[in-house]
Amino acid sequence: MAIKASASITLTSYRDIESVTRYYKLQSSTASAPSAPTTNPPSGWTTTEPSYTSASTNTLYLCDLTVYSDGTFAYTPVSKSSSYEAAKEAWNKAQNAQDVAEEASKVATNYMNFDETDGLVVGNLTGDVLGNNVRIDNDSVDIRSGSNVLATFASDLIELGKNAVTSVIDLCKGVGQIKADKESSSDSIFNRLWIIAKKSLILRGQSVDISCTSQHNNPSQEYANSAFGSVSCTTGINEDLGTVSSQSSLSATCVENGDKAIIRAATNGSEGVGSGEIYLTTDGIYGEEGIYMNSSYFGVSTRDSHLTLSSRGIESTTSGYVRIETSDGSTTSAYTFDASKFSSGAPVYEQGTSLANKYAAKSHSHTAVNGVTPEWSGSVAYKDTGWIAAWNSNGTKIKALNKINLLAAVSANGHYGMAAPGNGAAASNDSAWIRTTSAGLLPYKSGGGSSSLGTSAWPFCNAWTQSTIANTFHRYTSSDFSSYVQILIPQKLWSGTMKVGGSATIKNLDKYYEFIFVTTENEQMIGIRTSTSSSFSAYSSADLGSSGGSWVYKASCGVSGTKLTLSNASKHKLLSSGTSHSGAQISIKEIWGVF
Amino acid sequence: MYIQTDQNGRIVAMMEKTFIDDEGNEVEQDTTGYFEFEFPEDFDMANFNEYLLQDGQLVYSMSEGTRFYKIENLKAQLAETDYISAKMNDAIMSCTTVEEILQVNKEFNEKYGEVLARRQALRDEINKLNLKEE
C-alpha cells in the first residue's frame, strides 16, 4: 500500500497586557466598602496614594486596573490598604500613651513630693496646709497629720497612737481596744494601759506569763526583798469600756515571798487587805464547776446556808466520794464526830435521813417481841443472841428480824443442814418440819442430772408422791428384801410402725420387765420378761361377739442389750366350731415398758 | 421418715425421729439401725412391708408372711366345704352301677355346682401362690 503525506497549520489569537494601573480611594471608615469601578478611568478613584493624616479615622481602599492589547480592561476586587491601617493604629496608641503620661504628671505634682530632707511625702499638696499624709524616709514609714507623727513603722519598731496618751486603738470592728489613761495615787500620777475586750479576753499559748515588776512609777520605792505586782480582775465594767464601777468585787494579789506564792484577798488592787474575799470558780456561779487543787477536782459550794463539799464541784455527784481522813492521812484510823459540834436537830445526814435517828436506837424505846427486848451495841442495832433490827427516822420499826423468822443452818453429822428458826435463846430447831414453797423444790439447775435426793449411803426413809415419778428408781433395802421395786407406770419406749424382722434400740431396755405392744389396730398385747432372758412373747385376745369365736394376738421378740427385735407378730381367728381358722400378720405401732 | 430394712432390702419398720409422750413432751428416739428415707406421696404406707428397697427404688414383692397367711386363709375357706366332697364321695361309693354313679354326679352338680366351682377357684388361687393343695 502506498503511503500519502499529510500536513496541518494551527492558527492562534493571542491577547497581550497593555498596562496595569493601581487606583486609591479614601473614605470614612464608617461608610460601606466601595465596589470595584466599571469604567476606565474610574470615577472617584485616584492613581496617587494619599498620605496618612494624624488623627485620621478614614479607611484607604485600593484596586488594580488591567488594560489588554485588544482594548478591553478589568479591575481586581477592592481591598483595604494594610499600610494605611497600620499607620492609623500606631498613631492611636501613641496618642493614648501621651494622654496617660500627662495625667500621671499632674498626680505626681499635686499629691507627691520628694526631697532629701523629708523623703517622699504622699498627701494632698494642692492646699496651703498639709493634712493627713504618709512620709517615707530612710528609717521609717510615718503616718502623720501635718507634721505630727501618728504612727510609725520602722524595721524594728512599730508605734501606734504616738501623738497623744488619749489615743485609742480600736481592734476588730470594735470588739477590742487598747487605750491609756492616767491614775493618781497619793504620791504619783502614772499612766495605765488598757487592753479591753467587749466580752471576753483570751490570752492563749503554750505558756502565758503575766508579770509585773513594779506598780510604782519610782523604782526606788520598790520593796527591797520582793518583786511586787498584781493581777487585777475587775467586775462591773460599764459597756463604754471606760468606767470602773464601785462594785468591783475581786482583786487577787500574788506575792512572791521566799519560795511561796500566795493568793490572798484584796480589794481593787490594794495590797493584802484582810477583809477581802476570794472566790475560786470556773465561771460566774460559785462552786458549781470543778476546781483543781493538788491535781484533783473538788468542789465547795454554799447553798441553803450550808457548806457543801463535793468531789467534782457539782453537788450530788456520782463520780466519786468525798472522804474525810485523819490528819496523818491514814484511812484505817477510827473517825470520831464530835457530837457537840453538830446541831442537835440535824447532826449528820445520809440520803436525807438523820444518822442519829437511823442508827442511834438509844433515843427510842421499843416493845419487847417474844420476850426479847432489843439491845444495842454501839451504833449497830444487833443483838448477838437474837436480834437484828432497824427503825426509820421517826422511830417506827421497819424491820425486826429475829431468829424466829430466819431459816437457820445447823452443822451436824459432818454437813450443814436446814433448820427451823430458833425461839428466844434457842439457836435453832433441826427436828421440826420444813416445808417448801407452793411451787416446790428444784435441783441445782434445769436439764436434769445435776442434783441428787439422797445418796446410796444417805437414803431417805420414805418418799411419798401423789402422781408421777419419772426416770427414777427407788431402792428399798432391808434385812430380808433387797431389790428394785417397780413402780407400775408404763412409759412409751418407741413409736413407729414395725413388722416382723423390725427392731428398735431402746435406752435402759434391760431395766424393763413388762412390755406392752400396741398394734396398728390399737390392740394391746402384754408380755413379761421374767428374767434377763433373751426373748419373750406378748399376748392378747379379743372376743368376736355374736359372730362367735375370738382373735388371739401374739408378738414374739428377742432382746439383746438395748436392741429389741420383732421375730413374730400375728393374729389368729378361732371359731367356736373349731373346724377352721384364719390368721394374718400384724404391725406394732408402739412399745411401752414398765419397770 | 426413718426406715429399717432386712438383709433382702425389705422394709420392716419405720418411725419418726421423735414422738410426743402422754405428758406432751417431745421424746427423741434412737435411730440406730434406721436411715432417713422419703417416700413418694402416693406410696401405700399401710403395706410398706410388701416393698423392697433396691438401688434406692421401691419394688413391690409380696412378703413371705403375707403369702403364708393368704394361703392359710384360702385353705381355711376350702376346708369349710370339705364336707360336700366327703358327702359326694360317700354317695359314689354306695353306687353299684355306672348309671347310678352318673345319676349321683348329676344330682351333686345340680345341687352344689356353685360350691364346687368356688372350691376350684380357691385351689387355683392357692396354686397361683405357688402352693399345692394337700
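Colleague: Is B:C95 buried or exposed?

Modeller: B:C95 counts as buried, at 15% relative accessibility. Keep in mind that this is a predicted model.

Colleague: And A:C557, buried or exposed?

Modeller: A:C557 is buried, with a relative accessible area of 2%.

Colleague: How many disulfides are there over all chains?

Modeller: Zero, counted over all chains. A disulfide would be a covalent bond between the sulfur atoms of two cysteines.

Colleague: Change of topic, confidence. What are ipTM and pTM for the model?

Modeller: The ipTM is 0.84 and the pTM is 0.38.

Colleague: What is the mean pLDDT of chain B?

Modeller: Chain B has a mean pLDDT of 89, and 96% of its residues reach 70 or more.

Colleague: Now A:R529. Where is it in chain A?

Modeller: A:R529 sits in the loop between β32 (524-528) and β33 (535-543) of chain A.

Colleague: Which side chain of opposite charge is nearest to A:R529?

Modeller: That is A:D510, 6.3 Å away. A:R529 is buried yet has no salt bridge; the cut-off for one is 4 Å.

Colleague: What about polar atoms, then? Which backbone oxygen lies 3.0 Å from a polar atom of the A:R529 side chain?

Modeller: The backbone oxygen of A:S533.

Colleague: Which residues is A:R529 in contact with, leaving aside neighbours within four places in sequence?

Modeller: The contacts are A:L509, A:D510, A:Y512, A:Y513, A:F515, A:F536 and A:V559.

Colleague: Backbone next. Which residues does the cis peptide bond with omega of about 0° join?

Modeller: A:N40 and A:P41 are joined by that cis bond. A:P41 lies in the loop between β1 (17-27) and β2 (59-68) of chain A. For context, most peptide bonds are trans, and most residues other than glycine have a negative phi.

Colleague: Is A:N522 buried or exposed?

Modeller: A:N522 is exposed, because its relative accessible area is 51% and the cut-off for exposed is over 50%.

Notes. Residues numbered from 1 in each chain as written. Chains lettered and ligands numbered in written order. Predicted model: local features only at pLDDT ≥ 70, side-chain atom pairs only at ≥ 80, totals over all residues. Heavy atoms only, no water. Disulfide = S-S within 2.5 Å. Buried < 20%, exposed > 50% of the residue type's maximum accessible area, 1.4 Å probe, protein only. pLDDT = per-residue confidence, 0-100. Helix = DSSP H or I, 4+ residues; strand = E, 2+ residues; numbered from the N terminus. Lys, Arg positive; Asp, Glu negative; His and termini not counted. Polar contact = N/O pair within 3.5 Å; in protein donor to acceptor, adjacent residues only side chain to side chain. Contact = heavy atoms within 4.5 Å.
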